[in-house]
Amino acid sequence: MTNTTLILALVPLVLINLGLDVFALVDLARRDKRYVQGQNKWIWAIVILLFSTIGPLIYLAAGRTQGSEE
C-alpha cells in the first residue's frame, strides 16, 4: 500500500469521526442541562473532545436523559 492509498483510505474514517464529534457537540450545546446526565455540560464536552471516537458514542448512549432539545 502506498502512502497515497493509505491517505485515501483514512479520509472517510477521519470525516466520519469529525462528523460524530460535531453532531455530539451540537446536540450537547442545544440540549438543556436538565436533560444531560449529571447536568454538567462542560464535563461532557471534555469527554467528547478528549476521547475522540468513543467519547461522542458514550455521550450519545449514556449522557443524554429523556427530554427534548431546547
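Me: With which residue does Asp32 form a salt bridge?
Reply: This is a predicted model, in which local features need pLDDT of at least 70 and side-chain atom pairs count only at pLDDT 80 or more, while totals for chains, interfaces and linings use all residues. Residues are numbered from 1 along each chain as its sequence is written, and side-chain values use heavy atoms, with hydrogens and water left out. A salt bridge requires a side-chain nitrogen of Lys or Arg within 4 Å of a carboxyl oxygen of Asp or Glu. The closest N and O atoms lie 2.8 Å apart in the pair that Asp32 forms with Arg34.

Me: Is Asp27 buried or exposed?
Reply: Buried denotes under 20% relative accessible area, exposed over 50%, and partly exposed the range in between (1.4 Å probe, protein chains only). The relative accessibility of Asp27 is 3%, so Asp27 counts as buried.

Me: How many residues apart in sequence are the parts that Asp27 and Arg64 tie together?
Reply: The side chains of Asp27 and Arg64 meet in a salt bridge, at 3.4 Å from N to O. Asp27 belongs to helix H1 (residues 3–30), whereas Arg64 is in the segment after helix H3 (54–63), so the parts tied together by this pair are separated in sequence by 37 residues. Helices here are DSSP runs (H or I, at least four residues), numbered from the N terminus.
In sequence, the separation is 37 residues.

Key:
Helices (H or I, at least four residues) and strands (E, at least two) are DSSP runs, numbered from the N terminus.
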